[in-house]
Each structure stands twice: as structure tokens, then as C-alpha cells.
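Please keep the sequence and the structure open while reading.

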Amino acid sequence: MNHEVNTLIDRLEQSGSLDISEYEYLLSKRSGEALEYVAKKAVIARKKVYGNTIYIRGLIEVGNICRNDCMYCGIRRSNSNCDRYRLTKEQILECCHEGYEHGFRTFVMQGGEDGAFSAGRVCEIVSEIKKLYPDCAVTLSLGEYKRAEYKAMFNAGADRYLLRHETADKQHYEKLHPSEMSFENRMRCLYDLKDIGFQTGCGFMVGSPYQTLGTLAKDLKFIEEFSPQMCGIGPFIPHRDTPFGNMAAGTLELTLYLLSIVRLIKPTLLLPSTTALGTLNETGRERGILAGANVIMPNLSPLSVRKKYELYNNKLCSGAETAEYLNELRARMERIGYEIVIARGDIKE
Ligand code: 5AD
């Protein structure tokens, strides 16, 4: 047992804060024992706030047309092997209808940065969803917009916005993205979203190329300081048609360790056990929950487009109907002592 590591974990549990160098130390001393110790604390912290409940979000992948050319992402602009699609408003509403019937009370519209999803168009769709399902939350995950555009989406009724920061280190950010994209604008978007009043989510991939324990320590410090309501953390998984196609994937263990640490930084955080974690390992999503996550985002996209939203290869993509899929998920969660609930699942702050 490493006393210094356990002491740091205890201190994180008490205060939700460490220095960057301490985060880096914690990451460098990762061991089976440390993993177990921090997970145990993370589960206690999440249970104090959320008990054994798990929130589900219906993920609607509204389109894979994207103007950006991120080095890691399978739907990047220059991937000519990507079969592009865009859902119509009617198709999106149909997904919500189906989701509502099955107990979803949050709908997440996620997609590439596609000019056709102008702020005006997004507002129109959000208003319609909120009119039909006033008891539901709408989360947007559509990338970067101007502040006034985010404000319009918020006024149209959108409740939450997910925009992973991807990395809190500018040099690292520049290795993952083409020169037209900027770290400063990413951060500007996140601060605008939070300031406007969205429940805001940031996040990053574990094991992305050129990531170091130093950049990860910065991610943790950023999360501590920004204090988002949500945080998406999943392993990087290579996609063959990208410049990072031959790079190694992130590991299950490091992802779990980070999930637990982030839970201790902010016990009330809405923290998903991601699809990427479930893709990496058959029981990955259960293990994410057992490391302190409390949200799962099942796919509500039409079966006909699911395979096309391929951010990384072999992305977990059930061909099952929603009901069948949810029954299995519910059983999996019950086996580890957790319960999926029908609720909007807002943050308990
Ligand atoms: N592996 C894992 N996650 C990825 N994302 C994009 N490409 C990959 C990949 N190859 C994540 C990014 C993005 C989110 C929608 O999906 O972090 O923000």
C-alpha cells in the first residue's frame, strides 16, 4: 500500500481539490490497490448524493456531416469513406416519441458541426420537443457556436449543453485538431455556455495521442476550477480512416481511475459511463458505474443510421429495439446493485 497515494485520495475526498503536481503524482502512482481505494471512496460519494439510481439519456445522433477535421474522429470532414446523413425534424421527433414511451426524460441531440443545423434550426427543433414533452430535458451536443446563438438555444428551452474540452493543454489541443480550430474558442464556448445558464458538460478522451500525465493533471485541475455539471470521459479508440488510425487505444484501468478521481472532485457531478468504455470492454459500462459514474446514454437514433455515426471503429451499436436493449441494461445494472430511474435527472446541487 502506498501511504502517500492514499493520503492524497483522502484529502481529495475531504476538499475536492489538489495541486496540479499532486494530481500528476496520483496518476503516476496508479496501481490495482489505488484503483480499488479511490473507487470505493467514489462510490460512497456518489451514493450520498444519488443513492443507487442511474439516470438514462436518450442519445439522438442527428447527423454526421461535419465541417471540422479533428485528427481522432471518424466523422471528420476529410473522411471520404464516411456515409453522411442528416435526420429531419420529423425523424428527431420520432426518436423522442419512442424514447418517451420507454421512460426517457432527457433527449440528447448530438451531431457533427453541420451548417444546416443553424442556431435557428436548432431552436425550432428544441421548441418543438419542449412543447411536446414539457416534462423532459433537452441536451445539445452540436459543437461550437457564437454566444448569441447559444443564448437563443437556451431561450428556446434547451437545458444542457455538452462540449468536451478534449484537453486542457493548448499545445496538446493543437496536436489533436487542425489549425482552423482553437483552444481559446473551445474554452470561450464553455464559459459562455455556463454563464448563459446551461447545465454544462466538458470532458476528454483517455489515452488520446500525445496525452501525458501532465496534460491529464491539467484536465483534472480544469474540471475542478470550471466545476461543470456534467463530464464525459471515455477511452480514445482509433478509427482507421483518420490520421490516428494506428495509434493505441486508451485503457480501461486509467479511464476508471480518472472517473473515480473526478467523482471525488465533484460528488454531485453527472458522470456518464460512456459508450466508448462499453466498446473497449464487454462489462466496461458496469465497471464505470462501479468506479463512480451515475449516467448512461443509450442510443435512440434510427437503426438505419446507427452504424454511420462511427466516431471510432467497432463503436458499440446495438441492433436491438429500444425496449429489448433497455431490459438488458436494466438487468445488468440490477446485477451490480443499481437501478435505472425514469427522471429528468438534473444535477443535485
Ligand atoms: N475515440 C473516442 N472518442 C472519440 N470522440 C471522437 N472521436 C473519438 C475516438 N476516436 C469523442 C470526442 C468528442 C465526442 C463526441 O466523441 O471526445 O467530443
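This is a predicted model: local features need pLDDT of at least 70, side-chain atom pairs count only at pLDDT 80 or more; totals for chains, interfaces and linings use all residues.

A polar contact is a pair of N or O atoms within 3.5 Å, and within protein one of the two must be able to donate a hydrogen and the other to accept it.

**T242 and its setting**

- T242 belongs to the loop that runs between strand 7 (230-235) and helix 10 (252-265).
- With a relative accessible area of 9%, T242 is buried, because the cut-off for that class is under 20%.
- A polar atom of the T242 side chain lies 2.7 Å from the backbone oxygen of H239, a distance that falls within the 3.5 Å limit for a polar contact.
- When neighbours within four places in sequence are left aside, T242 is in contact with M71, Y72, C73, G74 and R76.

**The ligand and its shell**

- The residues that surround the ligand are Y72, C73, R164, E166, M205, P235, F236, I237, L311 and Y312.
- Sorted by class, this shell holds eight nonpolar and two charged residues, and no polar ones.
- Y72 and C73 are among the residues around the ligand, and both are also among the contacts of T242.

**Backbone atoms facing ligand nitrogen**

- A backbone N or O atom of I237 lies 2.7 Å from a nitrogen atom of the ligand, while for Y72 the corresponding distance from a backbone N or O atom to a ligand nitrogen is 3.0 Å.
- A backbone N or O atom of L311 lies 3.5 Å from a nitrogen atom of the ligand.
- Of the 400 Å² of accessible area that the ligand has on its own, the protein covers 88%.

Terms used: Residues are numbered from 1 along each chain as its sequence is written. Side-chain values use heavy atoms; hydrogens and water are left out. Helices (H or I, at least four residues) and strands (E, at least two) are DSSP runs, numbered from the N terminus. Buried means under 20% relative accessible area, exposed over 50%, partly exposed in between (1.4 Å probe, protein chains only). Contact means heavy atoms within 4.5 Å. A residue is near a molecule or strand if one of its heavy atoms lies within 4 Å of it. Accessible areas come from the Shrake-Rupley method with a 1.4 Å probe; for residues, only the protein chains shown count as cover. Ala, Val, Leu, Ile, Met, Phe, Trp, Tyr, Cys and Pro count as nonpolar, Asp, Glu, Lys and Arg as charged, and the others, Gly among them, as polar.
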